[in-house]
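Please read the following explanation alongside the sequence and the coordinates.

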Amino acid sequence: MLNASMKSLKHELSAISESPYFHAIKAEFEAEGTRFEELAILNTLCTDLNISLTLKIGGPLAQRDIIEALQLGASSILVPMVESGYIAKSSIEQFERLNASFGSLNRPSRIYMNIETITAVKNCEEIIEATSISGSKPLKVLVIGRSDLAASLDCTDAEEEKITSMAYNVIQTSKAHSIKTALGGNITQRSLENIRFLHSHGLNYYETRKCTFELPSDLDECCFVESINRALTFELSWLRFKNEFYQDRATQDNQRIAKILKRMELLRND
Amino acid sequence: MLMKYCREEGYLFNSMIGGCESIRDIQESLTLATDALECPAIESDFAARKLSSSIKRFSGEYDLSNLNIFINIGTERGLKLLRRTGISNPTWPMSRKRIAFLIDRRMLVSERINSHDGHFEVRDHEKEVNAAIDQSIKLVLDEGYSYGISGGVTTESLQRLSTLDNKPQYVKSGLFTFCPKWDDFQEDARELYNLQRKELDVLMRMLNILSTQSKAIEQRCDHLYKYLVKG
């Protein structure tokens with residue numbers, strides 16, 4: 001059973017990698033709470049299929065998460081909840097120090113940061129400036145997390161004009177510093193219009209919980225919808241795989257429980 | 001290893017998580033039966049709300065009423081948040097007394113003097129930093145939360161902290177956090193000294209374990225180098 005779902009997961013992973021605009025697979029220690037062994041499985045499959053893996057760590061100063069992401073050879077590390085220049089600088093310095101050691105064994109990873117609260121939007125310029133270290137700019141992408149941004153403003157809909165306008169501002173600031181931008185958070189068919197608008201002003205990527213897509217110069221509606229559907233299908237097969245992974249362990253324990261109960265019954269009867 | 005040490009020595013165990021929504025860290029810490037969670041880098045009311053809802057995700061699986069929470073404040077923005085609004089009403093699955101704002105003085109000084117290399121002494125800036133903390137903490141204390149400090153903790157700094165209007169309930173020095181009584185300075189200083197001695201002992205043991213591992217790699221490198229290069 002587990003083998004079947006593993007095969008299905010690999011099949012879906014292969015399919016998503018060939019879907020329109022596909023860029024990378026995502027996993028996270030943060031909200032998704034991916035465990036290390038789950039991540040190891042996903043990482044092995046990604047390596048086999050030559051797919052980039054972005055790993056979202058638990059927080060800007062989560063050193064253990066960075067070490068584990070680098071041990072696995074994640075192509076990119078996404079840092080959530082960066083809200084000030086000081087924390088951004090501390091985070092990037094920690095990443096650079098560790099990446100320098102691990103980078104000599106694996107390919108060096110890239111660092112991305114989430115802008116996902118009103119505080120972070122306000123401090124976007126300060127955050128970007130703080131991440132420049134002696135002339136070099138390790139920060140490659142800013143990911144605008146619309147769901148949390150909306151929540152921090154007590155909005156219920158990520159498609160609201162207010163959110164798009166803030167995303168626009170982040171994109172403009174990033175562009176001025178040659179930093180790419182991605183848009184995430186509740187991306188559905190409804191997001192197409194806003195993505196088109198933001199793309200025309202420099203947005204580079206959009207992302208779902210599990211996949212990142214690179215925006216082409218001519219964004220096609222059918223391909224966009226297909227990419228979202230593929231991403232959801234992949235996420236579903238990932239969740240099914242995890243479900244069976246743990247179910248399989250529970251089944252093994254249940255078999256042992258039945259055996260012990262039978263032995264105890266035999267002892268009582270003797 | 002540290003958890004076992006704490007259990008054997010009769011200390012509570014505090015686990016530092018990666019961030020306010022570090023679900024994996026919270027899950028693992030609760031599985032280890034941690035007594036406290038510490039969350040770094042809180043700078044906004046939203047981050048505190050995120051922390052509260054991340055912890056509450058586990059209220060079905062674990063009894064969280066006895067869990068202690070340390071919320072790290074290490075930036076001027078974090079202090080401002082405490083001063084201006086407090087933490088506006090996230091609900092917690094434990095009493096507010098169990099939630100302490102832990103002010104990281106080393107981080108605050110580092111931000112103030114714009115130094116990220118750690119080449120400074122907290123004591124050189126202690127007067128201003130302590131005053132800023134003292135002014136910032138009143139509102140959250142009135143709201144029923146606790147507070148503590150960390151960074152540059154020495155016997156002298158304990159003396160300086162004892163003069164504050166709002167004395168910290170917790171003082172964190174490296175691996176150990178303790179609750180000074182403040183009415184008997186000699187006893188507090190003795191406690192700090194004992195804990196710092198213990199920390200040195202624990203760190204040396206940890207260093208020993210790590211160097212045993214690196215020694216094995218070093219020996220293999222030596223062996224290969226002699227065989228491949230020297231012939």
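In β7(A), which residue is the bridge partner of A182(A)? The bridge partner is Y205(A), where helices (H or I, at least four residues) and strands (E, at least two) are DSSP runs numbered from the N terminus. Before going further, note that this is a predicted model, in which local features need pLDDT of at least 70 and side-chain atom pairs count only at pLDDT 80 or more, while totals for chains, interfaces and linings use all residues. Residues are numbered from 1 along each chain as its sequence is written, and chains are lettered from A and ligands numbered from 1 in the order in which they are written.

Of the five residues of β6(A), which covers residues 180-184, four are buried; a residue is buried if 20 or more other C-beta atoms lie within 10 Å of its own, exposed if 12 or fewer, and partly exposed in between, with C-beta atoms placed from the backbone. Together with helix α9 of chain A, residues 192-200, the strands β6(A) and β7(A) make a right-handed β-α-β unit, right-handed meaning that, with the strands pointing away from the viewer, the path from the first strand over the helix to the second runs clockwise.

Elsewhere in chain A, N114(A) lies in strand β4, residues 110-115. N114(A) counts as buried because 25 other C-beta atoms lie within 10 Å. Leaving aside neighbours within four places in sequence, N114(A) is in contact with residues including L78(A), P80(A), V82(A), V143(A) and G145(A), two residues being in contact if their C-beta atoms, placed from the backbone, lie within 7 Å. The C-alpha atoms of N114(A) and V170(A), which are 56 residues apart along the chain, are separated by 11 Å.

Chain A as a whole has ten helices and eight strands, and its C-alpha atoms fill a box of roughly 80 × 45 × 40 Å along the principal axes. Of its 270 residues, 46% are buried, and residues 24 or more positions apart account for 71% of the contacts with a separation of 6 or more. Chain B has nine helices and seven strands, with a C-alpha trace that spans about 75 × 45 × 35 Å along its principal axes. In chain B 34% of the 231 residues count as buried, and the average pLDDT, the predictor's confidence in each residue from 0 to 100, is 92, with 98% of the residues scoring at least 70.

In helix α6(B), residues 126-136, the buried residues are V129(B), N130(B), I133(B) and S136(B). Seen down the axis of α6(B), these fall within an arc of 130 degrees, so they line one face of the helix, the arc being that of the directions from the helix axis to the C-beta atoms. On the other side of α6(B), K127(B), E128(B) and A131(B) are exposed. The buried residues of α6(B) pack against several elements of chain B, among them α4 (76-84) and β4 (99-104). In α4(B), the buried residues are G78(B), L79(B), L81(B) and L82(B). They fall within an arc of 155 degrees seen down the axis of α4(B), so they too line one face of their helix, and what covers them includes α3 (45-56), β3 (68-73) and α6 of chain B.

How many residues does each chain give to the contact? Chain A gives 26 residues and chain B gives 20 residues. On the side of chain A that touches chain B, the largest share, five residues, comes from α4(A).

Most residues other than glycine have a negative phi. N50(A), however, has a positive phi near 55 degrees and sits in the loop between α2 (36-48) and β2 (53-56) of chain A. N50(A) is exposed, with 7 other C-beta atoms within 10 Å. In chain B, A33(B) has a positive phi of about 60 degrees and lies in the loop between α2 (23-31) and β2 (36-39).

How values were computed: Pairing = 2+ DSSP bridges.
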